Amino acid sequence: YRTMHSRLQVNGMVDVPPQSMISVSFPLGGYLKATKLLPGLRIRKGEVLAVLEDPQFIQLQQDYLMAKAKLQFAEADYQRQKELNSTQASSEKALQMAKSEYESNKVLVKALAQKLLLINIQPETLTENNISRQVNVYSPINGFVSKVNVNIGKYVSPTDVLFELVDPSDIHLNLTVFEKDAALLAIGQKVTAYSNDKPDEKHAADIFLISRNVNEDRAVTVHCHFDQYDPLLLPGMYMNAV
């Protein structure tokens with residue numbers, strides 16, 4: 001008895017899943033004041049990608065601080081009306097009006113605080129002494145820049161994509177296997193991949209997903225994870241595999 005095997009020669013390309021491709025936009029829009037990004041540049045999570053400037057940032061901070069001050073007054077007035085009402089020195093209507101004003105201001109402050117968080121301003125540290133007309137845009141991932149769609153001085157709206165980022169931690173290999181060979185494949189099988197430019201450099205991988213549908217070319221897509229990520233493997237790169 002002898003163990004038998006066959007080799008299947010296929011091709012495909014390096015790819016990243018949709019959740020690893022990030023489009024960076026800004027919810028309020030503004031003028032791009034500064035950025036140093038270039039396509040291909042590596043970035044770290046939390047790193048400043050760009051600085052935006054707009055008068056509406058100042059207005060939002062002003063609204064929050066004024067609402068916060070009104071909330072403090074409304075809370076004090078509500079407590080005062082509760083004390084007066086407990087001694088029958090105030091009407092029930094005055095107490096209800098004070099409570100309504102207090103609750104309304106509390107909702108307003110919380111809503112404005114969430115808007116500040118959207119533009120990366122921490123409401124708990126905001127005071128009248130650190131109001132700023134500029135806000136930072138931070139990187140949500142570790143990875144690299146694939147596209148830069150803006151330039152300094154340009155006004156960007158909330159629907160504009162400023163940058164496109166790629167997280168290479170989940171980079172994988174998409175192989176095209178013809179219908180007649182698909183039945184020979186199984187999850188966990190070993191794959192050896194190489195490029196046309198460097199056929200001697202082998203990249204080991206494992207099959208982790210086999211598509212359940214046949215495309216118009218009578219082929220299925222096979223997804224493989226690399227055993228060790230190589231930074232030289234870029235999304236869209238053509239690969240051969242065995």
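The legends below describe close-up views of a predicted model.

**View 1. Edge-to-face pairing of Phe-26 and Phe-57.** The structure holds 3 aromatic pairs. In the one formed by Phe-26 and Phe-57, the ring centres are 5.9 Å apart and the planes make an angle of 75°. Phe-26 belongs to the loop between β2 (21-24) and β3 (30-35), whereas Phe-57 belongs to helix α1 (residues 55-86), so the pair ties together parts that are 31 residues apart in sequence. Phe-26 is buried, its relative accessible area being 2%. Phe-57 is likewise buried, with a value of 0%.

**View 2. Stacked rings of Tyr-78 and Tyr-102.** The two ring centres lie 5.6 Å apart; because the planes meet at 15°, the pair is stacked, the cut-off for stacking being an angle under 30 degrees.

**View 3. Lys-202 over the ring of Tyr-194.** The view shows Lys-202 placed over the face of Tyr-194. The distance to the ring centre is 4.1 Å.

**View 4. The largest pocket and the residues that line it.** The space in the largest pocket amounts to about 360 Å³. Its lining is made up of 15 residues, and those closest to the pocket centre are Ser-6, Leu-8, Leu-185, Gln-189 and Lys-190. Three elements, β10 (172-178), β11 (190-194) and β13 (219-226), each give two or more residues to the lining. Sorted by class, the lining of this pocket comprises 11 nonpolar, 2 polar and 2 charged residues.

**View 5. The surroundings of Ser-139.** Ser-139 is found in the loop between β6 (134-138) and β7 (143-148). With a relative accessibility of 4%, Ser-139 counts as buried; the cut-off for that class is under 20% relative accessible area. When residues up to four places away in sequence are not counted, Ser-139 touches Ile-43, Arg-44, Lys-45, Gly-46, Glu-47, Leu-49 and Leu-165.

**View 6. Positive phi at Asn-120.** Most residues other than glycine have a negative phi. Asn-120, which is not a glycine, has a positive phi of about 65°. Asn-120 is situated in the loop between α2 and β6. At a relative accessibility of 34%, Asn-120 counts as partly exposed.

**View 7. Positive phi at Arg-218.** Arg-218 is not a glycine, yet its phi is positive, at about 60°. The loop between β12 (203-210) and β13 holds Arg-218. The relative accessible area of Arg-218 is 46%, and the residue is partly exposed.

Notes
Residues numbered from 1 in each chain as written. Predicted model: local features only at pLDDT ≥ 70, side-chain atom pairs only at ≥ 80, totals over all residues. Heavy atoms only, no water. Phe/Tyr/Trp six-rings, centres within 6.5 Å; stacked < 30°, edge-to-face > 60°. Helix = DSSP H or I, 4+ residues; strand = E, 2+ residues; numbered from the N terminus. Buried < 20%, exposed > 50% of the residue type's maximum accessible area, 1.4 Å probe, protein only. Lys NZ or Arg CZ within 6 Å of the ring centre and 35° of its normal. 1 Å grid on protein atoms, 1.4 Å probe; cavity = no way out; pocket = protein on both sides within 12 Å on 5 of 7 lines; lining within 4 Å. Points joined across faces, edges and corners; volume = space filled by probe spheres on them. Nonpolar A, V, L, I, M, F, W, Y, C, P; charged D, E, K, R; others polar. Contact = heavy atoms within 4.5 Å.
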